[in-house]
Amino acid sequence: RFCLVPRGKSAWSSRFFRVLFAGCVPVLLNDYYEPPFEAFLNVPEWLIKWPMRRVDDGLLDFLRSLSVGTLQSMLERLKRDRCWYVWPP
């Protein structure tokens, strides 16, 4: 249901882009990364941002508290917006 997107060694990571097409709700575990296109896409509709300093049982509890309907809605919105993150090789 969820894909964790941990912080990488640099400011940019392909992990974020890969999970957009994995069929799961991305959970961004990075305090400093701002996803591209956040200025005109409603990214919080389909992305969970969680502070690294709070990665503990609270994260698991939060993820478990989300209803199936909420998850389906987030995935539908992600599918709508993920085309903005595709680039040709």
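**Close-up 1. Arg53 sits in the loop between strand 3 and helix 2 (57-65).** Helices here are DSSP runs of H or I with at least four residues, strands are DSSP runs of E with at least two, and both are numbered from the N terminus. This is a predicted model, in which local features need pLDDT of at least 70 and side-chain atom pairs count only at pLDDT 80 or more, while totals for chains, interfaces and linings use all residues. Residues are numbered from 1 along each chain as its sequence is written, and side-chain values use heavy atoms, with hydrogens and water left out. Is Arg53 buried or exposed? Arg53 is exposed, with a relative accessible area of 67%. For that label, buried means under 20% relative accessible area, exposed means over 50%, and partly exposed is in between (1.4 Å probe, protein chains only). Asp31 is 22 residues away from Arg53 along the chain, and their C-alpha atoms are separated by 8.5 Å.

**Close-up 2. Arg54 lies over the face of Trp50.** Look for Arg54 at 4.6 Å from the ring centre of Trp50. A charge counts as sitting over a ring if NZ of Lys or CZ of Arg is within 6 Å of the ring centre and within 35 degrees of the ring normal.

Close-up 3. The 3 strands line up in the order 1-2-3, and the pairing is parallel. Two strands pair if DSSP finds at least two bridges between them. Strand 1 and strand 3 stand at the edges with a single partner strand each, so one side of each has no neighbour in the sheet. Strand 1 and strand 2 pair over 5 bridges, and strand 2 and strand 3 over 2 bridges.

**Close-up 4. The faces of strand 1 and strand 2.** In a regular strand the side chains alternate between the two faces of the sheet. Strand 1 has Cys3 and Val5 on its covered face, and Phe2, Leu4 and Pro6 on the uncovered one. Strand 2 has both faces covered: Val25, Val27 and Leu29 are on one side, Pro26 and Leu28 on the other, and all are buried. With 5 of its 5 residues buried, strand 2 is therefore largely enclosed by the rest of the structure.

Close-up 5. Helix 3 lies across strand 1, strand 2 and strand 3, running at about 85° to strand 2. These angles come from lines fitted to C-alpha atoms (for helices, over the stretch in contact) and run from 0 to 180 degrees between N-to-C directions.

**Close-up 6. Cys3 and Cys24 form a disulfide.** Their sulfur atoms are 1.8 Å apart, and a disulfide is a pair of cysteine sulfur atoms within 2.5 Å. The torsion about the S-S bond is about -100°, so this disulfide is left-handed. Cys3 belongs to strand 1 (residues 2-6) and Cys24 to the loop between helix 1 and strand 2, so the pair ties together parts 21 residues apart in sequence. Both Cys3 and Cys24 are buried.

**Close-up 7. Tyr85 pairs with Phe17 and with Trp46.** The structure holds 11 aromatic pairs. Rings of Phe, Tyr and Trp (its six-membered ring) pair if their centres lie within 6.5 Å; planes under 30 degrees apart are stacked, over 60 edge-to-face, and the rest tilted. Phe17 and Tyr85 have ring centres 6.1 Å apart and planes at 50°, so their pair is tilted. Phe17 is in helix 1 (residues 14-19) and Tyr85 in the segment after helix 3, so parts 68 residues apart in sequence are tied together. Trp46 and Tyr85 are edge-to-face, 6.0 Å centre to centre with 80° between the planes. Phe17 and Tyr85 are buried, and so is Trp46.

**Close-up 8. Asp81 is in helix 3 (residues 68-81).** Asp81 counts as buried, at 5% relative accessibility. Leaving aside neighbours within four places in sequence, Asp81 is in contact (heavy atoms within 4.5 Å) with Leu41 and Trp46.
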